[in-house]
Amino acid sequence: MSPVLPLLRIPVGVVVERRKADSPWIDFVWRGTGVLPDAPQLTPWTVIREQEGTTLFYAGSATVDLYRSEAARYRDNLATGAPCVWIVLTPAEGNWPYALSAVTADPAEGEAFTEAGANLVEAVPMPEVLRQAIEKFIAEHHVASEFVKRERRRADPEALARRHHEGGHE
């Protein structure tokens, strides 16, 4: 079985904040703070701004992958009136404590990334350009499926009685 490939891949750049922590156990608090339309030609972990114990980094580029099967969830995200994208950072060894793992517009996928307790997952506002691209994708690929309530079959008490006696246990 071949993997399902996205129908559309939208490149984005990711901004991450490192803030001095008011804690005796950790030095810094990290969190995703924003997504830039397109991926700028910057080296990952380039400092964008430093001020008063807070540093903004360009963490790198990612793609927001859109799948036909998830179009309803993208639609639900846009329908909130304040659509988000989820930035996922995973613990890493090396120069930086986190690596950029994913950016998604699917609320369910964003929530699923939180199940790995060490991931940092942050919902940030969706840029207008990305919202427009997702809106166009939904218009082209979303197929509304009508909810069909299944009819329950009534239990047959005679069948239940026969099954009980046929098993030999009385």
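This is a predicted model: local features need pLDDT of at least 70, side-chain atom pairs count only at pLDDT 80 or more; totals for chains, interfaces and linings use all residues.
Student: Which residues of α3 are buried?

Tutor: An α-helix has 3.6 residues a turn, so residues three or four places apart point the same way. In α3 the buried residues are Leu130, Ile134, Phe137, Ile138 and His141. Viewed down the axis of α3, they fall within an arc of 100 degrees, so they line one face of the helix.

Student: What covers the buried residues of α3?

Tutor: The covering elements include the strands β1 (8-20), β4 (54-66) and β5 (84-91), together with helix α1 (71-79).

Student: Which exposed residues does the face turned away from the buried side carry?

Tutor: That face of α3 carries Val129, Lys136, Ala139 and Glu140.

Student: What is to be noted about the phi of tryptophan 45?

Tutor: Most residues other than glycine have a negative phi. Tryptophan 45 is not a glycine, yet its phi is positive, at about 70 degrees. This tryptophan 45 lies in the loop between β2 (28-37) and β3 (46-51).

Student: Is tryptophan 45 buried or exposed?

Tutor: Buried means under 20% relative accessible area; tryptophan 45, at 12% relative accessibility, therefore counts as buried.

Student: Where is glutamate 52 found, and what is its phi?

Tutor: Glutamate 52 sits in the loop between β3 and β4. Although not a glycine, glutamate 52 has a positive phi of about 45 degrees. With a relative accessible area of 80%, glutamate 52 is exposed.

Conventions. Residues are numbered from 1 along each chain as its sequence is written. Side-chain values use heavy atoms; hydrogens and water are left out. Buried means under 20% relative accessible area, exposed over 50%, partly exposed in between (1.4 Å probe, protein chains only). Helices (H or I, at least four residues) and strands (E, at least two) are DSSP runs, numbered from the N terminus. The arc is that of the directions from the helix axis to the C-beta atoms. Contact means heavy atoms within 4.5 Å.
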